[in-house]
Number of protein chains: 2
Amino acid sequence: MIDRLLEIVGPKGIITDATDMHPYLTDWRERKHGNAICVVLPASTEEVSAVMKLATEMQQPVFPLGGNTGLCYGAVPESGNPEKPGIVLCLRRMNRIREIDVVSDIVTVDAGIILAEVHQAADKVERQFPMHLGSEGSAQIGGLISTNAGGTAVVRYGPMRDLVAGLEVVLADGRIIRDLAALRKDNTGYMLRQLFIGAEGTLGIITGAALKMFPKQSNSAHAWIDVASPADAVKLLASFRSTAGQFIEAFELVSASQYELVKRHIDRVRIPFAALPEWSLMVELSTSDVHTDLDAMMGGVLEAGLEAGLVRDAVVATSQQQAEEIWHVRHSVSEANKKEGIGVVHDVAVRTSFVPDFIAAADKLSAERFPQATTQVVCHLGDGNVHYILMFSHEYWASVADKDAFALEVERAVHDVGARFNGTFSAEHGVGRKLPEELVRLGDPLRYELMKQVKLVFDPENRMNPGVLLGK
Amino acid sequence: MIDRLLEIVGPKGIITDATDMHPYLTDWRERKHGNAICVVLPASTEEVSAVMKLATEMQQPVFPLGGNTGLCYGAVPESGNPEKPGIVLCLRRMNRIREIDVVSDIVTVDAGIILAEVHQAADKVERQFPMHLGSEGSAQIGGLISTNAGGTAVVRYGPMRDLVAGLEVVLADGRIIRDLAALRKDNTGYMLRQLFIGAEGTLGIITGAALKMFPKQSNSAHAWIDVASPADAVKLLASFRSTAGQFIEAFELVSASQYELVKRHIDRVRIPFAALPEWSLMVELSTSDVHTDLDAMMGGVLEAGLEAGLVRDAVVATSQQQAEEIWHVRHSVSEANKKEGIGVVHDVAVRTSFVPDFIAAADKLSAERFPQATTQVVCHLGDGNVHYILMFSHEYWASVADKDAFALEVERAVHDVGARFNGTFSAEHGVGRKLPEELVRLGDPLRYELMKQVKLVFDPENRMNPGVLLGK
């Protein structure tokens, strides 16, 4: 097979050495290791198509890999069949901007391009591509689309699903769907494109994408607000939506228990309150219009909030530096938690209106069943997405015999709480190889049945990222 | 079958009298007539499910009908099999607001509710549901979702596809998908919901929907701008997007030939220019923030446009009345055209950047092949959606022997021009029973093949609105 692949992609397009292959076979946190015949790096859509045809002929599975920044092991190759280990397909050599259409606000790219490069390309034409997440320096567009990535700007622009205007996809058998016209309106049948977004590589290989660009934001206001409870935060969100709805760029809710950890472990953190707020609401408003007085808008909502008893105290940034200081605290959460202990992190989403009840119920569960843990809440409140964290000390964790089983016990318990509020166990991280059993356990059986049938339409032999999403 | 249906829906839920059935079997323009055993009006999702199970047992097709406002005969029942004429299913008795969640900005409704009632419900809680089209007083949400309706606010809020947060769907065999949790984020597999949106009733019966609400706009600015060409209009759009991008609520381009007809046939039309602009650009900016000076923003773009030679003249409304007068002209187009003659209207969309070339090419085609016609352009420029119209006098039309064949000849010729610019022949009106052959002729064969296979997953016996979209 390797000789045949060499004919298609040339010597630059294939990796067979075990050491060189290692980073392509292992998730970035080095928690899960896979196996494959080789890593293939095609340089064009036609090469991808030829590789897929060869894989079909050889009956080998194909494991697509983007920037390898996932959290659910969706990019770790694991065929489950020693005779057919399959190949890893990585598009990092396909990393061009194909076209920028400023008038139509569309940038068309190869799927292997890194998110940060798309940011730069849009910036050069006075536009923005509004997806921002921690891994933007290494995550590739193809992977971000396949996982329907989220990030901090979802509250305003939606997840990747809302940012894609067109796709080019190579199917399991090598046929190519060219859907890059990027029309704002097209009512000629079923929206197949949306099936590939969030399919985690199980329906086809995304080789190109047309992405929506947006006006650049040149004006912003930032506040750190002290609120008494998630319920008050939710009321304040409704108030912000009424008067400043279209300007909300970020709306994050964080528990005092979380910021205690940031204070403890991170240098140069400035808390602009005498005592840490019990609940911190961090709000950014922004707009492309330089004349809009966002500080006044922010002040108006906060004053009304003070009068209504929803706001206990608030700090509005008066300089770019102050704004950066506020967000530095928020962005230090992961680093602080890594230093504190072992965090079992959840990715539940419920409707925003259910967030307070979900947090209360999760707190009750944790106190009763896992009293060894402290709990932290980091919540994208505008999206109803709660990263509920149970933090165990290194000491305690060392004493747990079967760590995987214990983590699973914690996760299932919290997912069950989410399900009570019609929530999902995976808001933005995906299913991957980590959560297929939760999908069976908690998902709608009818939807699951239909998903399996849709899978058969696109990949009847189950050779596209087998084991991911739908399990074995 | 009628007795069995009576058991399910009761006497209020069934119509069998030929006269009473007539409006349910005929499109609203009375151009196409269908046939069915009876009209069924279920009062609940469970009744819909029971009806579908019965239809499965009896092997009868089912023709869903919303408010009957479509333009492509997608709601005219026509089984093609005299022994199995099928039943019409209309949900107008299912017309409740099920729930309003202001905090999460979600309104959940029965599919039979009329769009204008959703507007009112949102308005009552200080929000808006931003879909606006001519038929909003009679179009039902289920039909609007099934046809992925557009309207005048697409430039800002997107088509129905972007406004749906959840669906309840009854499948052909009566199974019910309950997907109304309306989460902003959920990455647990394939986005099946998007398949039903725009499927024109061929995959299942939409019985309920969770819709996104938005902040109310309480501040707006309106301008009628005289531009020399579509190319200048496009440049001006780019300029508006750079400085006022997030405030654009409407961006319409209309040819002088079109407004001549409005002047000729409509009373109380005020043209605020000495002579009709060759091309009229009609722009609305709006926001929920009362302090934003939209007039200044509009003025800024127009001044820069004047300096750059893109704007020849412009009128900015200084009162609500003036604004209404401007939009009255735009909204009088259909009425004027009806009085003028027989208009063959197209619903092409291309990327906005291709709009000028498309219009030029369509003009060339019309002049060469259909010199009897005058041509009018009504364009949702922000969406790249061009309603290109060839207008024939009543006299000429009377002389055409085979009117259907002639109209088809015109349509195909204009669709071919659209296809040269990677455009679609149906931007917002859909395919229905009118354009399935165009879908075969102009669509991607691979996409068509996949659509047929997806259809088989949801409706293996082809009993859901057979003949619509995918043809016989």
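Predicted model: local features only at pLDDT ≥ 70, side-chain atom pairs only at ≥ 80, totals over all residues.
Before anything else, a definition: a cavity here is a set of grid points over the protein atoms alone where a 1.4 Å probe fits but cannot get out.

When the whole structure is searched, four cavities of 30 Å³ or more are found, and the largest cavity has a volume of about 60 Å³. Which residues line the largest cavity? They are B:Trp224, B:Arg270, B:Pro272, B:Val315, B:Gln322, B:Glu325 and B:Ile326. Helix 12 of chain B, which covers residues 320-331, gives the largest share of that lining, namely three residues. By class, the lining of the largest cavity holds four nonpolar residues, one polar residue and two charged ones.

The crossing of helix 14 and helix 16 in chain B is right-handed. On the side of helix 14 of chain B the contact is made by B:Phe358, B:Ala361, B:Ala362, B:Leu365 and B:Arg369, while helix 16 of chain B brings B:Glu409, B:Ala413, B:Val414, B:Val417, B:Gly418 and B:Arg420. Sorted by class, this contact between helix 14 and helix 16 of chain B has seven nonpolar, one polar and three charged residues.

Staying in chain B, helix 10, residues 256-265, and helix 13, residues 333-340, pack at an angle of about 80°, with their axes 8 Å apart, and that makes helix 10 of chain B roughly perpendicular to helix 13 of chain B. Here B:Gln258, B:Tyr259, B:Leu261, B:Val262, B:Arg264 and B:His265 of helix 10 make the contact with B:Val333, B:Ala336, B:Asn337, B:Lys339 and B:Glu340 of helix 13. The residues of this chain B contact divide into five nonpolar, three polar and three charged.

Turning finally to chain A, how are helix 10 and helix 13 of chain A placed, parallel or perpendicular? Helix 10 of chain A, residues 256-265, and helix 13 of chain A, residues 333-340, pack at an angle of about 80° with axes 8 Å apart, and they are therefore roughly perpendicular to each other. Among the residues that meet are A:Tyr259 and A:Leu261 in helix 10 of chain A, and A:Val333 and A:Ala336 in helix 13 of chain A. That chain A contact comprises five nonpolar, three polar and three charged residues.

Methods:
Residues numbered from 1 in each chain as written. Chains lettered and ligands numbered in written order. Heavy atoms only, no water. Left-handed = near helix turned anticlockwise from the far one by under 90°. Helix = DSSP H or I, 4+ residues; strand = E, 2+ residues; numbered from the N terminus. Contact = heavy atoms within 4.5 Å. Nonpolar A, V, L, I, M, F, W, Y, C, P; charged D, E, K, R; others polar. 1 Å grid on protein atoms, 1.4 Å probe; cavity = no way out; pocket = protein on both sides within 12 Å on 5 of 7 lines; lining within 4 Å. Points joined across faces, edges and corners; volume = space filled by probe spheres on them. Axes fitted to C-alpha atoms, helices over the stretch in contact; angles between N-to-C directions. Parallel < 35°, antiparallel > 145°, perpendicular 65-115°, else oblique.
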